[in-house]
Amino acid sequence: MGPPGKIITFYSYKGGAGRSMALANIAWVLASNGSRVLTIDWDLEAPGLPRFFQPFLDDRLLASSNGLIDLFAAHVERLSVANRGVPSIDPYLTQPEQDVSQYVIPINWKFPNGGSLDLLSAGKPGPAYARHVTQFDWEQLYMRFGGQRLIEDLKAQLRAAYDYVLIDSRTGINDTSSICTVQVPDVLVVCFTLNRQSIEGSARVAESVDAQRRLGADRKALKIFPVPMRVERAELDKLNSARRLVASKFRPFLGHLSGGEISSYWSNVEVPSLPFYAYEEILCAFADDSRDPKSMSASIERITGYLTDAQIKSSPDIDHQTRLRVLAAFAESTPATPLESSCFISYSSKDATFAEQLHADLEKAGVRCWFAPHDLPIGAKIRTGIDRAISEYDRVVLILSANAISSPWVEKEVETAFEREAATDRTILVPLRLDAAIMHAREGWAADIRRQRNIGDFTAWQDRPSYAAALSRLLESLNT
């Protein structure tokens with residue numbers, strides 16, 4: 001029997017960093033080198049990992065298979081029934097551990113040297129999925145149903161069955177991301193974009209995780225690899241300033257590298273922003289050439305080298321005809337865009353934290369979004385670009401707050417949406433609120449929205465179950 005497998009969590013403080021993309025591609029490199037690999041979609045509120053493997057998945061099996069949230073729900077239900085009316089200090093005294101293998105879906109590809117790649121999805125699609133996610137009580141899992149022991153049992157099973165287990169964690173700071181970042185992994189990959197909020201937020205999370213692990217029962221330090229993602233190289237002055245901030249903020253967590261390695265680490269692990277990968281989930285092993293050091297494949301292979309202690313640093317070549325065949329399969333597996341699956345997001349810049357999270361979750365759910373300033377070309381006229389986007393996208397998702405109501409930009413965007421509604425006789429404006437300001441606002445446009453529209457309630461958006469429930473309802477509205 002070989003050494004136990006390594007568990008690696010991929011985490012991002014904010015959405016849109018490309019975390020799932022990096023995980024899927026690194027998993028492919030590992031399996032292509034003969035490793036047994038499992039990928040776990042633990043981003044329960046916005047799962048998207050299966051999209052990267054779509055041509056290699058049996059759609060019927062994916063639709064009918066239980067996943068991670070089903071595993072946890074089954075565990076709680078099983079122990080609830082077993083211990084009903086029978087007080088027990090340890091619920092495991094009467095019930096065996098969960099068998100994780102029954103929840104795993106194989107990726108259909110012949111990897112060399114005995115390599116394999118499996119997927120543990122977020123959960124079985126269907127009405128029960130949203131209910132399981134929004135109603136699942138993680139605190140009760142640990143307090144009443146042996147959550148700590150369950151996770152340790154699952155870790156032992158996974159380490160015995162796989163060489164590498166890669167976990168796609170939810171963004172932000174919450175119960176599930178804490179499990180993924182603190183209790184579960186041997187290695188933590190912190191993915192972030194090069195803006196100050198993402199850098200500083202990611203560094204704070206890394207500091208918290210590092211401290212919790214060092215104070216834990218086994219006092220075992222965690223290897224942390226910070227990875228800058230979607231790096232634009234156009235504005236060199238700003239890029240170099242961001243790089244200096246990154247090096248300063250994350251230096252305390254690179255003690256597992258030698259001094260010489262640290263100097264080259266940052267240039268090696270930067271993941272470039274390439275337009276080809278911005279619109280579809282495609283594995284870079286089939287889309288570009290790793291011999292080009294500026295390619296996506298090259299950066300993925302360099303990161304893989306760090307995660308495997310230099311044991312795996314490249315991938316076998318794939319012949320041209322196979323590349324074309326797989327790229328065609330990716331194109332065929334990309335679903336057609338529904339009639340109403342795009343939106344313009346209107347918000348005050350003071351509500352950017354919520355707006356960016358909503359943008360990332362809508363995009364992962366398949367809703368194409370226009371989101372300033374990301375989608376406004378450099379040098380473009382702001383007002384002209386916004387008016388054009390509102391005219392071209394199906395809906396205007398309006399984020400209402402005291403900040404938005406006092407914003408002349410938001411007011412103009414609402415007026416433009418109302419004008420389009422009048423011209424097309426269609427519902428364009430989809431309002432949601434972060435506070436109660438809209439309920440007593442005196443501004444004419446705001447009062448019109450209050451009187452005429454059912455406003456989505458996101459006032460408790462920082463509470464994970466509340467946000468997930470509100471997001472699910474918004475997605476239903478956008479796809480109606």
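**Close-up views of a predicted model**

**View A. Strand E2 is mostly covered.** Six of the seven residues in strand E2 (residues 36-42) are buried. The model shown here and in the other views is predicted. E2 has strand E4 (residues 116-120) as a parallel partner, with five bridges between them. Within this pairing, Val 37 has Leu 117 of E4 as its bridge partner. E2 also runs parallel to strand E5 (residues 164-169), joined by six bridges.

**View B. Five strands form an open sheet.** The strand order is E9-E8-E10-E11-E12, and the pairing is parallel. Strand E9 (368-370) and strand E12 (456-457) stand at the edges. Each has a single partner strand, so one side of each lacks a neighbour in the sheet. Strand E8 (residues 342-346) and strand E10 (residues 395-400) run parallel and are joined by four bridges. Cys 343 stands opposite Arg 395 in E10.

**View C. Helix H17 packs on the five-stranded sheet.** Helix H17 (residues 444-452) touches E10 and strand E11 (429-433). The directions of H17 and E10 make an angle of about 105 degrees.

**View D. Helices H10 and H11 pack together.** H10 covers residues 259-269, and H11 covers residues 296-307. Their axes lie 9 Å apart, at an angle of about 145 degrees. H10 contributes Glu 261, Ser 264, Tyr 265, Ser 267, Asn 268 and Val 269 to the contact. From H11 come Ser 299, Arg 302, Ile 303 and Tyr 306. By class, the contact has four nonpolar, four polar and two charged residues.

Definitions and conventions
Residues numbered from 1 in each chain as written. Predicted model: local features only at pLDDT ≥ 70, side-chain atom pairs only at ≥ 80, totals over all residues. Heavy atoms only, no water. Axes fitted to C-alpha atoms, helices over the stretch in contact; angles between N-to-C directions. Helix = DSSP H or I, 4+ residues; strand = E, 2+ residues; numbered from the N terminus. Contact = heavy atoms within 4.5 Å. Nonpolar A, V, L, I, M, F, W, Y, C, P; charged D, E, K, R; others polar. Buried < 20%, exposed > 50% of the residue type's maximum accessible area, 1.4 Å probe, protein only. Pairing = 2+ DSSP bridges.
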